[in-house]
Every structure is written in structure tokens, then in C-alpha cells.
Amino acid sequence: MVSIVKKLFNFLLILLLVGCGSTQKEDLKIEKPVEKKELTIEDYKNNNVNELGEVPIMMYHGIHNKKNSETSYTGGNVDKDGYQRTTEAFINDLEFYYSNGYRMIRLTDYVDGNINTELGKSPIILTFDDGLSNNINVTGLDKDGNIIIDPNSAVGILESFKKKYPDYNVTATFFVNGGLFGQKEYNEKILKWLVDNGYDIGNHTYSHVNFTEADSKRSIEEVGSVYKILDEIIPNKYVNIVALPFGSPYSLDHTNMPYIFSTDYNNKTYITKSALRVGWKAESSPFSKDFEPRFLKRIRAYDNNGKDFDIEMNFNLLEKTKYISDGDIDTVVIPENEKDKLSESVKKEVKIY
Ligand SMILES: [Zn+2]
């Protein structure tokens, strides 16, 4: 008797579950797609929308766990040229970008012209070269085998900003050499964690080569071997972008450039869609005639009292020239006086106001 009741109960339970499943499916069917709010010319004017404006690509290297007062240089620079910065300076930079209306986007999305920044805000891109351990310092593994990230390393700080400002869209691209992040036992876990958590990994050559001093064979090995390493650890999840070491070979016409953009290595061809230079100011909109994704400029993220294209000087210049989004990834909205800058190859809907 007990078993019959039990069977009946199980049968009713199955009916109930099947019933729930089908109701959910019907609910999904009748759900309408979210309609985009149609923006007016007034909205564009009020927000100064300009999707032909410039985009800052920030270039960082090391982030050192120090106060600004603990260095011998200005504004949190740890070395003379400000390639190395303090954690205090990095945190200040991140607060500055956010409060000035900048929201992060992925470098690869910028190159592809997929800018999803909200209405009235401006895109900014963070890059880190050299795979320094202070970019993402792992202090151990938790009981589930996940990496524990030092909160005072660059990624630890970025993760705290992810929580503090959910609309900041925290992301960055890390350009690594053959030694990856210099933490042998954790390198693979670090790469996987980064790509699973909204960050990107690019190629900075195997041994930080100066391409002006390399022959074609060496150039191919330097680029190809890093792609091969990334291909083995995070297949299809790294970005085909090379940050040129020292910015070398300094010209798109250099004889080694073709080997950087198309690299035959280990029976595979690796295509590089962009190369990054070292230096000095913001880049064109990806919808501009001037956009050259194979040779992108970066801003050195350092302090020099507002001179020599430091952060302050660049962001003062950007006040007049910056990209300001319409909040719609599918349209390119530009003011009438900028329309001559528009590239003919733009495939998206263009609105001129
Ligand atoms: Zn470098």
C-alpha cells in the first residue's frame, strides 16, 4: 500500500515538473524583445554625442605596492619615465577616468568598432605590457584550487573597482612575453582566470625583441612562439594583437612588419589584426578616416606635472576631442561639423545631427 502511494506521488510530481517546464517555454515564446528607446537630436545635443571623437588607449607596465610619497619621482612614478607606477597612483588614475565620464571597453572591441559605451559616456582602454608579476600576483590557491589574487596587484585593484562601480565595465588587455606572468606554477591558471573574468591576453613577443635588430626568421619566431603558447593554454580566447616591444620597428613600412601581421609558425598561420605603438596621445575613432588599426598609438599612463603628453595633459586635450557615445552599438552618431572625418568603410547606420 505504501509503495502504491509512493508511486502515485512520484507520478504526480513528474506531471507537475513536466507541466512547469512547458509553462516556462510558453512564457519564453510570448516574451517580447526589449525595444530600444529612440533617441532624439536633443538627446544627442544634450550629451554632445560624437562617435568620431578620440579614444584613449592607456599604456601601463608595473604597478608597485607603494604610496606616492615612497618614490623619488613625481605623481606616483616609480621610475624616471613613469613606466612603473605606485598602487596609489593607479587607484587615483582609475577614480579620475571614472569621474570624468570614461568607461572601459575591450581593446579588441575598439579595433572591431564594437563600442557599447552608455549614452554620454566615453570609452577608455587599459593595456599592460611585459607580463610583470605585479600585474596579477597570485599568493596561493584556495581549497577549490582557484587562484588567490593579491588585492594590491593591478588585477586585484581592478577587481575592487568592478565591485565599487558596476557600470565601469572593468577590463584590460595584458601583453605577455614567453615567461607569461613569471609565476611558473600559476601561469596557466592565471591566463584561464583572466579570460574567464573579462580580461584579454595579447602578444608582446617571446623575448621582448627589438624588431629593428631582428631578421625575418627571428621576427617570425618571436611572434609565432607566443601565439603558440597562448593557443595551447587558452585556445581561441586570446586576442590577435601585438604590443610592439619598445614600439619597434617604428614604421608600418619596415621589412619585418609583414611577419608580424602574418606569421607562419609550427605549421600554423597566425594573423595579427593590430599592432600597438608606444606612445603619446589618444587614437582616432574606429569610424574615422584616420583609423589605422595596424599601428595604434597609446598614452603613456604617467605623471609629468601636466606636460609632455602625461595623463593630465592628454585628458585636458580630450575634453575637446573625445569620443562620446550614443549608447547604441549599432549606430554611428556624429555632429554635422565632424562628418568629413567619417570613413567610407563604416558598415553601421550613420546618423548626422
Ligand atoms: Zn615591453
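Just after helix H3, Gly101 takes a positive phi of about 85 degrees; helices (H or I, at least four residues) and strands (E, at least two) are DSSP runs numbered from the N terminus. This is a predicted model, in which local features need pLDDT of at least 70 and side-chain atom pairs count only at pLDDT 80 or more, while totals for chains, interfaces and linings use all residues. Residues are numbered from 1 along each chain as its sequence is written.

**Helix H3**
- Helix H3 comprises residues 87-99, 13 residues in all, and reaches 18 Å from its first C-alpha to its last, close to the 18 Å expected at 1.5 Å a residue, where the expected span is 1.5 Å times one less than the number of residues.
- The buried residues of H3 are Thr87, Ala89, Phe90, Asp93, Leu94 and Tyr97; a residue is buried if 20 or more other C-beta atoms lie within 10 Å of its own, exposed if 12 or fewer, and partly exposed in between, with C-beta atoms placed from the backbone.
- The partners against which the buried residues of H3 pack include strand E3 (84-86), strand E4 (102-104) and helix H9 (311-321).

**Helix H5 and its crossing with H3**
- The axes of H3 and H5 come within 11 Å and cross at roughly 35 degrees, where axes are lines fitted to C-alpha atoms, for helices over the stretch in contact, and angles run from 0 to 180 degrees between N-to-C directions.
- H3 passes H5 in a right-handed crossing; a crossing is right-handed if the near helix is turned clockwise from the far one by less than a right angle, and left-handed if anticlockwise.
- Thr87, Phe90, Ile91 and Leu94 in H3 meet Ala154, Ile157 and Phe161 in H5, and two residues are in contact if their C-beta atoms, placed from the backbone, lie within 7 Å.
- Within H5, Ala154, Val155, Gly156, Ile157 and Leu158 are buried, and the buried residues of this helix pack against E2, H3, E5 and strand E7 (147-149).

- Strand E11 (residues 262-265) and strand E12 (residues 268-271) pair in the antiparallel sense over four bridges, pairing being assigned if DSSP finds at least two bridges between two strands.
- Asp264 stands opposite Thr269 in E12, and in this hairpin, which has two residues between the strands, Asn266 takes a positive phi near 55 degrees.

**Loops and backbone geometry**
- A cis peptide bond, with omega about 10 degrees, joins Ser248 and Pro249, and Pro249 is found in the loop between strand E10 (241-243) and helix H8 (257-261).
- Asp130 has a positive phi near 85 degrees although it is a residue other than glycine; Asp130 lies in the loop between E5 and strand E6 (138-141) and is buried, with 20 other C-beta atoms within 10 Å.
- Asn169, likewise not a glycine, has a positive phi of about 55 degrees; Asn169 is located in the loop between H5 and strand E8 (173-176) and counts as partly exposed, with 18 C-beta neighbours inside 10 Å.
- Asn65, in the loop between E2 and E3, is partly exposed, with 16 other C-beta atoms within 10 Å.
- Leaving aside neighbours within four places in sequence, Asn65 is in contact with Thr87 and Asn152, while Asn65 and Arg85, 20 residues apart in sequence, are 8.8 Å apart in space, C-alpha to C-alpha.
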